[in-house]
Amino acid sequence: MADTLNSTDARENMAEVLNRVAYAKDRVRITRRGKEVAAVVPIEDLELIERLEDEIDIREAIKALADVRKHGTIPWEKVKKDLGI
(Lines give C-alpha, C1' and ligand atoms only; values in the text may rest on other atoms or scores of the structure.)
Protein backbone atom coordinates (compact mmCIF):
# COMPACT_ATOMS: atom_id res chain seq x y z
CA MET A 1 0.00 0.00 0.00
CA ALA A 2 1.30 3.49 -0.85
CA ASP A 3 2.08 6.12 1.79
CA THR A 4 -0.59 8.29 0.17
CA LEU A 5 -4.13 7.14 -0.58
CA ASN A 6 -7.13 8.89 -2.00
CA SER A 7 -10.11 9.03 0.34
CA THR A 8 -12.00 6.29 -1.50
CA ASP A 9 -9.10 3.84 -1.31
CA ALA A 10 -8.50 4.76 2.33
CA ARG A 11 -12.14 4.10 3.17
CA GLU A 12 -12.16 0.77 1.32
CA ASN A 13 -8.91 -0.33 3.01
CA MET A 14 -9.36 1.28 6.45
CA ALA A 15 -8.59 -1.93 8.37
CA GLU A 16 -5.29 -2.31 6.49
CA VAL A 17 -4.49 1.39 6.94
CA LEU A 18 -5.10 1.13 10.68
CA ASN A 19 -2.98 -2.00 10.96
CA ARG A 20 -0.08 -0.35 9.12
CA VAL A 21 -0.29 2.66 11.38
CA ALA A 22 -0.80 0.76 14.63
CA TYR A 23 1.69 -2.05 14.14
CA ALA A 24 4.23 -0.89 11.54
CA LYS A 25 4.13 2.73 12.77
CA ASP A 26 3.62 3.94 9.20
CA ARG A 27 2.09 7.32 8.42
CA VAL A 28 -0.57 7.43 5.70
CA ARG A 29 -1.61 10.63 3.95
CA ILE A 30 -5.16 10.89 2.66
CA THR A 31 -5.96 12.93 -0.43
CA ARG A 32 -9.18 14.23 -1.91
CA ARG A 33 -9.18 15.40 -5.52
CA GLY A 34 -5.37 15.26 -5.47
CA LYS A 35 -4.97 17.49 -2.42
CA GLU A 36 -3.68 16.18 0.92
CA VAL A 37 -6.45 16.65 3.48
CA ALA A 38 -5.60 14.35 6.40
CA ALA A 39 -3.19 11.83 7.79
CA VAL A 40 -3.48 8.67 9.82
CA VAL A 41 -0.56 8.51 12.23
CA PRO A 42 0.47 6.35 15.16
CA ILE A 43 -0.94 7.52 18.47
CA GLU A 44 2.60 8.13 19.71
CA ASP A 45 3.09 10.70 16.94
CA LEU A 46 -0.11 12.50 17.91
CA GLU A 47 0.87 12.50 21.58
CA LEU A 48 4.27 13.99 20.69
CA ILE A 49 2.63 16.72 18.60
CA GLU A 50 0.27 17.53 21.48
CA ARG A 51 3.16 17.72 23.96
CA LEU A 52 5.07 20.04 21.62
CA GLU A 53 1.99 22.25 21.21
CA ASP A 54 1.58 22.39 25.00
CA GLU A 55 5.24 23.38 25.40
CA ILE A 56 4.85 26.16 22.82
CA ASP A 57 1.68 27.39 24.57
CA ILE A 58 3.47 27.46 27.94
CA ARG A 59 6.41 29.42 26.50
CA GLU A 60 4.05 31.94 24.88
CA ALA A 61 2.11 32.34 28.15
CA ILE A 62 5.36 32.96 30.05
CA LYS A 63 6.32 35.63 27.49
CA ALA A 64 2.88 37.26 27.76
CA LEU A 65 3.06 37.35 31.56
CA ALA A 66 6.54 38.89 31.40
CA ASP A 67 5.20 41.53 29.00
CA VAL A 68 2.35 42.35 31.39
CA ARG A 69 4.79 42.66 34.29
CA LYS A 70 7.00 44.96 32.23
CA HIS A 71 4.36 47.11 30.53
CA GLY A 72 1.23 46.65 32.65
CA THR A 73 -2.26 46.09 31.36
CA ILE A 74 -4.72 48.18 29.36
CA PRO A 75 -7.96 49.07 31.14
CA TRP A 76 -11.05 47.43 29.63
CA GLU A 77 -12.75 50.80 29.13
CA LYS A 78 -9.83 51.99 26.98
CA VAL A 79 -9.92 48.80 24.90
CA LYS A 80 -13.66 49.25 24.30
CA LYS A 81 -13.16 52.91 23.39
CA ASP A 82 -10.29 52.10 21.00
CA LEU A 83 -12.44 49.43 19.33
CA GLY A 84 -15.46 51.70 19.18
CA ILE A 85 -17.70 49.44 21.23
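Q: What makes Val41, Ile43 and Leu46 a nonpolar patch on the surface?
A: A patch takes residues with over 30% relative accessible area and no salt bridge, joining nonpolar side chains (Val, Leu, Ile, Met, Phe, Trp, Tyr) within 5 Å and like charges within 9 Å. A salt bridge would be a side-chain nitrogen of Lys or Arg within 4 Å of a carboxyl oxygen of Asp or Glu. In this predicted model, local features need pLDDT of at least 70 and side-chain atom pairs pLDDT 80 or more, while totals for chains, interfaces and linings use all residues. Residues are numbered from 1 along each chain as its sequence is written, and side-chain values use heavy atoms, without hydrogens and water. Val41, Ile43 and Leu46 together have about 220 Å² of accessible area (Shrake-Rupley method, 1.4 Å probe, with only the protein chains shown as cover for residues).

Q: Why is Val41 called partly exposed?
A: Buried means under 20% relative accessible area, exposed over 50%, and partly exposed in between (1.4 Å probe, protein chains only). Val41 has 31%, so it is partly exposed. Val41 lies in the loop between strand E3 (35–40) and helix H3 (43–71); helices (H or I, at least four residues) and strands (E, at least two) are DSSP runs numbered from the N terminus.

Q: Is Thr31 buried or exposed, and how do you know?
A: The relative accessibility of Thr31 is 10%, so Thr31 counts as buried. Thr31 is part of strand E2. Leaving out residues up to four places away in sequence, Thr31 touches Thr4, Leu5, Asn6, Ser7, Glu36 and Val37, where contact means heavy atoms within 4.5 Å.

Q: What makes up the largest nonpolar core?
A: The core has 7 residues: Leu5, Ala10, Val17, Val21, Val28, Ile30 and Val40. Such a core is a set of buried Ala, Val, Leu, Ile, Met, Phe, Trp, Tyr and Cys residues joined through side-chain atoms within 4.5 Å. Helix H2 (14–24) and strand E2 (28–32) each give this core at least two residues. Beyond its neighbours within four places in sequence, Val21 is in contact with Asp26, Val28, Val40, Val41 and Pro42.

Q: What makes helix H4 hardly covered?
A: Among the 8 residues of H4 (residues 76–83), the count of buried residues is 0. After H4 comes Gly84, with a positive phi near 75°.

Q: How does the radius of gyration of the protein chain stand against that of a compact globule?
A: The protein chain has 22 Å, whereas a compact globule of 85 residues would have a value near 12 Å. The radius is taken over C-alpha atoms, and the globule rule is 2.2 Å times the number of residues to the power 0.38. Of the 85 residues, 13% count as buried.
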